[in-house]
Amino acid sequence: MRLMITLAAAAGLAACAGDSTDANADANGPTMAVESGLSLDLVADGLEFPWGMAVLPTGDLLVTEREGRLRIVRDGVLDPEPIAGTPEAYVDNQGGYLGLALDPEFATNRLVYMAYAAGDRDSNNTSVVRGRLSAGATALEDPEVIFESNVEKSGGAHFGGRLHFMPDGALLVTLGDGFRWMDQAQTLDNHFGKIVRIMPDGSIPGDNPFFNEDNADPAVWTYGHRNVQGIAYDAASGTLYAHEHGPKGGDELNVIAPGNNYGWPEITYGVNYDGTVISNKTAMEGMEQPVVKWVPSIAPSGMTLYQGDMFPEWKGDLLVGAMNGPAGRKLVRIDLDDDAEPVDLLTDAGQGWRDVIEAPDGSLYLATTDLEGAVYRLSAAQ
């Protein structure tokens with residue numbers, strides 16, 4: 001049985017997704033106040049809008065900055081020099097460098113994949129670059145763009161930008177609706193409001209659900225999304241999860257299956273930022289319902305399915321970064337068992353989290369969401 005949970009808060013509604021929040025006064029301190037049993041310790045500060053993270057086999061940490069830089073944290077110290085050889089990004093509002101993924105065969109091929117906003121204010125899209133991390137991890141060698149979303153949008157909103165490799169080796173790229181182009185999330189011939197599935201070289205698998213359909217783009221995997229910024233796979237159950245930003249209310253966690261329509265903007269649990277109605281429907285035949293919905297919004301970004309041993313009671317649970325208040329600026333744990341309710345964590349820290357990934361030892365790396373950004377490590381208190 002799927003669980004359906006609405007998370008309500010006493011105060012007003014949170015703002016959309018990638019909107020910047022004010023820097024928290026404690027964001028760059030050595031520790032943050034957290035609940036008993038947890039320890040939240042600074043790994044590296046001096047980052048500007050950190051966005052995506054990936055742990056290298058050496059234990060070093062790659063981090064994208066939305067401002068258009070790829071950085072590395074070596075032995076707990078942020079290298080002052082960005083990694084060279086990366087593409088120029090369109091940096092504006094929510095645009096810039098976005099999500100990261102290591103190739104499943106990184107140990108032998110050293111390939112890194114990065115999503116970013118490409119173009120300029122008048123014409124831009126979400127693209128994915130692939131390059132080989134140099135032996136000294138100082139440069140991205142032989143970079144090539146393997147994917148460009150087939151849209152020409154203006155402005156700096158709703159790029160999506162998470163990357164995830166599936167067990168079959170295909171790469172999923174999450175995308176946004178461009179904000180002003182939301183109606184096209186229901187149209188299959190474009191990449192607005194879609195999750196696409198490609199191979200590591202950018203080719204399109206022939207078993208994609210719309211590969212042979214007229215008037216459909218063959219890369220489309222799912223559609224009817226608003227702005228997808230979290231994706232995780234449960235290998236035990238074979239279930240793929242993704243969350244997306246709602247408008248004013250209506251953030252969603254969904255079970256993702258190929259060919260499905262997730263409803264935006266025909267159905268939604270949110271409203272426009274001025275309070276006007278987007279749709280008077282929350283359900284329609286042929287459109288998927290969320291597993292969890294948040295009203296008011298928490299602005300979810302970044303998600304991992306926990307598999308470690310440091311927090312055994314969290315094993316198999318989703319951990320979601322939340323960026324905005326009053327309902328947000330916390331870490332949310334979602335127990336995927338029937339009738340289990342999401343649990344808010346790190347509320348005392350007062351910090352929004354842009355990304356969350358698991359470290360090899362079962363601890364968690366959390367990237368803050370603000371201009372004066374930092375990476376923290378969440379571990380079990382000793």
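**Before you start**

This is a predicted model, so local features are given at pLDDT of at least 70 and side-chain atom pairs at pLDDT 80 or more, while totals for chains, interfaces and linings use all residues. Residues are numbered from 1 along each chain as its sequence is written, and side-chain values use heavy atoms, without hydrogens or water.

**Stop 1: confidence**

Colour by pLDDT, the predictor's confidence in each residue, from 0 to 100. The chain average is 91, and 90% of the residues score at least 70. Now select residues 1-29. Here pLDDT stays under 50. The model still has 103 contacts beyond four places in sequence for this stretch; a contact means heavy atoms within 4.5 Å. Where pLDDT is low, the predicted coordinates should not be read in detail.

**Stop 2: the largest pocket**

Select L102, L163, H164, T304 and I357. Of the 30 residues that line the largest pocket, these are the closest to its centre. The volume of this pocket is about 910 Å³. Two terms need their cut-offs. On a 1 Å grid over the protein atoms alone, with a 1.4 Å probe, a pocket is an open set of points with protein on both sides within 12 Å along at least five of seven lines; lining residues have an atom within 4 Å of a point. Points are joined across faces, edges and corners, and the volume is the space filled by probe spheres set on them.

Which elements give two or more residues to the lining of the largest pocket? Show β3 (50-55), β7 (97-102), β11 (163-165), β15 (228-234), β19 (300-305) and β23 (353-358). Strands are DSSP runs of E, at least two residues, numbered from the N terminus.

Colour the lining by type. It divides into 20 nonpolar, 7 polar and 3 charged residues. Ala, Val, Leu, Ile, Met, Phe, Trp, Tyr, Cys and Pro count as nonpolar; Asp, Glu, Lys and Arg as charged; the others, Gly among them, as polar.

**Stop 3: salt bridges**

The whole structure holds 15 salt bridges. The criterion is a side-chain nitrogen of Lys or Arg within 4 Å of a carboxyl oxygen of Asp or Glu.

Select R162 and D355. Their closest N and O atoms are 3.4 Å apart. The pair links distant parts of the chain, 193 residues apart: R162 sits in the loop between β10 (140-148) and β11, D355 in strand β23. Buried or exposed? R162 and D355 are both buried, where buried means under 20% relative accessible area, exposed over 50% and partly exposed in between (1.4 Å probe, protein chains only).

Next, E65 and R71. This salt bridge has its closest N and O atoms 3.1 Å apart. E65 is buried because its relative accessibility is 0%. R71 is also buried, at 7%.

Move to K315 and D309. Their side chains meet in a salt bridge at 3.0 Å, N to O. K315 is partly exposed, with a relative accessible area of 43%. D309 counts as exposed, at 62%.

**Stop 4: backbone details**

Select W264 and P265. A cis peptide bond joins them, with omega about -5°. P265 lies in the loop between β17 (251-256) and β18 (292-294). Select V295 and P296 for another cis peptide bond, with omega about 5°. P296 lies in the loop between β18 and β19.

Now check phi. N93 has a positive value near 55°, though it is not a glycine. Find N93 in the loop between β6 (77-78) and β7. N93 is partly exposed, at 41%. N215, also not a glycine, has a positive phi of about 60°. The loop between β13 (195-198) and β14 (220-222) holds N215, which is exposed at 72%.

**Stop 5: two long spans**

Draw a C-alpha distance from F49 to W181. It reads 26 Å, for residues 132 apart along the chain. F49 is in the loop between β2 (38-47) and β3 and counts as buried, at 11%.

P290 is in the loop between β17 and β18 and is buried, at 3%.

Conventions:
Helix = DSSP H or I, 4+ residues; strand = E, 2+ residues; numbered from the N terminus.
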